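This briefing goes through one structure by topic, beginning with the ligand surroundings.

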Amino acid sequence: MKPLLLGYGAGGRWFVIRLDGGPRGPFVERLNGIARQAGIVGLSVDLLAEPPTEALVQRLADYLYSDNTVNEGRLTRHLTGFLARSEIPHRYDLRPGAPVEGRDLFGREDEREHLRGHLEAGRSVHLRAPRRYGKTTLLGAVREDLRGRGRACVVPDVSAARSVVDFLAEVAIEATRVETLRDALAALPLARGGFASPDISPSASKKAFAERIAGDVSRMARDLFGALASLRAVLLLDECSTALRFMLPRKRDEARMLCEMLSDARRSGAAMVLAGSSGLTKYVEFHGMTDLVRDLATVDLAPLPAAQGRVLLEELLYETGIRPGGEVLDACERCLGEPVPYFAHALVAALRAEFDRGTTEFTAEIVQVAYETRLLGAWGNTFFRVYRINEQDYPDQVRPGVEAMLNVIAKTKAGAEVEELRRAFAKHVPPALEGSHEAALACAQEDFDLVQTDGRYRMRCKVICDRWAMGEPWLAGE
Ligand SMILES: Nc1ncnc2c1ncn2[C@@H]1O[C@H](COP(=O)(O)OP(=O)(O)O)[C@@H](O)[C@H]1O
Ligand SMILES: [Mg+2]
């Protein structure tokens, strides 16, 4: 027997729902009511024998909650998106970890706009967020936006740079890989004997290049950044803070030189984004170099607004094969707190693991158990590795103090008072360093998304807080 089809059309496009299995009468009424409410212009509703050509055919199950009631929100989003803006509903890839691209990128419209706006106005930006909050994902989108407007982007991997020369070599070689820059760079008189020479090409070894420029780093930097500025190229320096924070405690002069080089580059008109898996401004301040980052505009990536987080969860669940119910989504929201997309992916991955084990009926209890035993258990270790204290490059003598403060913050649900934190810090650092507790706290604030309300500090991300509160040695200490 042919399935029943229900079609909504506008502007020559059809959104067709295949009524597979559900009791027909109430669904049709309900779906039509939702379409009417969505104010779809030129709506025509019909029972179709065949889907019109070029129709988008969707399964009814994709718009039902687990108790077979209609998921109005999802239907309205998909219906209006398709009929008003030709957007085919996207099937979100569950990707907890690697940066997401294209339409898998969810939300972040404002941050994307702010970043693009700053860069187009020639302002450089520090993109601030703790690890896994979505910086690389956002930079990928901004790169596409800028390219679409004819701006070249240079995106070197500077995370492993351990010196200014390393850093410059990465930028220079990556710049010659950008097709629209290559010829212009080679043709610049400044670059004669530089970019145009055969050993400085996209395939050049970084080592050979680094050796060549080692004697004349500052001239090379001036020429390179000057050239990039005149070509209106934008530098997206993801993981820049990783390089800097490696150098700061070990090779302070080198770090200072790098900050100066980038600051000079900006003064000569080069636009750049500095980002990285860990905080930067406070850390630079900690080392007394604030003057070198003061000119940067800042864009912060916070958790998603609650309503957006719920939609992301919902979309990921449907794509995983789990039809959520309202109570399941509520339970997911309770587990996540303010939703960081990374942990929305992680929680759905935990639920999927339950699904793969044969669970088909999801309830609030199952969500809670999956959260507690999987995400917060050994299964979830992989999601938290980047939040280990040892990953954050605190000076050795300061680290135990920061760890102690984080322990207090995570365990005090109402938030920890500054005085309490000062005491915890002082107990774990040499007396000479006791006074640096504010600076250390400021660094931790950037790395662990600490927020201050009524003078009390708490971790904004509930998931990080819950896991940190467990006091596991591997996460908190050695
Ligand atoms: N805008 C987004 N939409 C959907 N998922 C996202 C988004 N931003 C981040 N994520 C999720 O978080 C993970 C980490 O994102 P990423 O951009 O690598 O973070 P960062 O560079 O800040 O460490 C991604 O693998 C993805 O699961
Ligand atoms: Mg990243």
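Around ligand 1 there are 23 residues, of which Phe 106, Gly 134, Thr 136, Thr 137 and Tyr 342 come nearest; a residue is near a molecule if its C-beta atom, placed from the backbone, lies within 6 Å of it. This is a predicted model, in which local features need pLDDT of at least 70, side-chain atom pairs count only at pLDDT 80 or more, and totals for chains, interfaces and linings use all residues. Residues are numbered from 1 along each chain as its sequence is written, while chains are lettered from A and ligands numbered from 1 in the order in which they are written.

**Ligand shell**

- At least two residues of the shell around ligand 1 come from each of α4 (135-148) and α14 (341-356); helices (H or I, at least four residues) and strands (E, at least two) are DSSP runs, numbered from the N terminus.
- The shell around ligand 1 divides by class into 10 nonpolar, 7 polar and 6 charged residues. Ala, Val, Leu, Ile, Met, Phe, Trp, Tyr, Cys and Pro count as nonpolar, Asp, Glu, Lys and Arg as charged, and the others, Gly among them, as polar.
- Ligand 1 lies between domain 2 (109-300) and domain 3 (306-375), because both give residues to its shell. Domain bounds come from an automatic or database domain assignment.

**Whole chain and domains**

- The chain has 21 helices and 12 strands, and its C-alpha atoms fill a box of roughly 80 × 60 × 40 Å along the principal axes.
- Of its 478 residues, 43% count as buried. Buried means that 20 or more other C-beta atoms lie within 10 Å of the residue's own, exposed that 12 or fewer do, and partly exposed is in between, with C-beta atoms placed from the backbone.
- Among contacts in the chain with a separation of 6 or more, 75% join residues 24 or more positions apart. Two residues are in contact if their C-beta atoms, placed from the backbone, lie within 7 Å.
- The division of the chain is into domain 1 (4-85), domain 2 (109-300), domain 3 (306-375) and domain 4 (385-476).

**Domain 2 against domain 4**

- The centres of domain 2 and domain 4, taken over C-alpha atoms, are separated by 30 Å.
- Contacts link 15 residues of domain 2 with 13 residues of domain 4.
- On the domain 2 side, α9 (240-250) and α11 (281-286) are the elements giving two or more residues, and α11 gives the most, with 5 residues.
- By class, the residues on that side of domain 2 are 5 nonpolar, 4 polar and 6 charged.

- The largest nonpolar core has 130 residues, and Leu 168, Leu 228, Leu 235, Val 273 and Leu 347 touch the most other members. Such a core is a set of buried Ala, Val, Leu, Ile, Met, Phe, Trp, Tyr and Cys residues joined through C-beta atoms within 7 Å.
- A second, separate core of 16 residues includes Tyr 63, Leu 64, Leu 75 and Leu 83.
- Apart from neighbours within four places in sequence, Leu 168 is in contact with Ile 213, Val 217, Met 220, Ala 221 and Leu 224.
- Helix α8 (residues 217-230) has 14 residues and spans 20 Å from first to last C-alpha, close to the expected 20 Å; the expected span of a helix is 1.5 Å times one less than its number of residues.
- Buried residues of α8 are Met 220, Ala 221, Asp 223, Leu 224, Phe 225, Ala 227, Leu 228 and Ala 229.

**Individual residues**

- Arg 95 is in the loop between α2 (72-85) and α3 (109-120) and is partly exposed, with 15 other C-beta atoms within 10 Å.
- Not counting residues up to four places away in sequence, Arg 95 touches Val 100, Asp 104 and His 345.
- Glu 54 is not a glycine, yet has a positive phi of about 65°. Glu 54 lies in the loop between β3 (45-48) and β4 (56-59) and counts as exposed because 8 other C-beta atoms lie within 10 Å.
- Asp 449, also not a glycine, has a positive phi of about 50°. Asp 449 sits in the loop between α19 (437-447) and β11 (450-453) and is buried, with 24 C-beta neighbours inside 10 Å.
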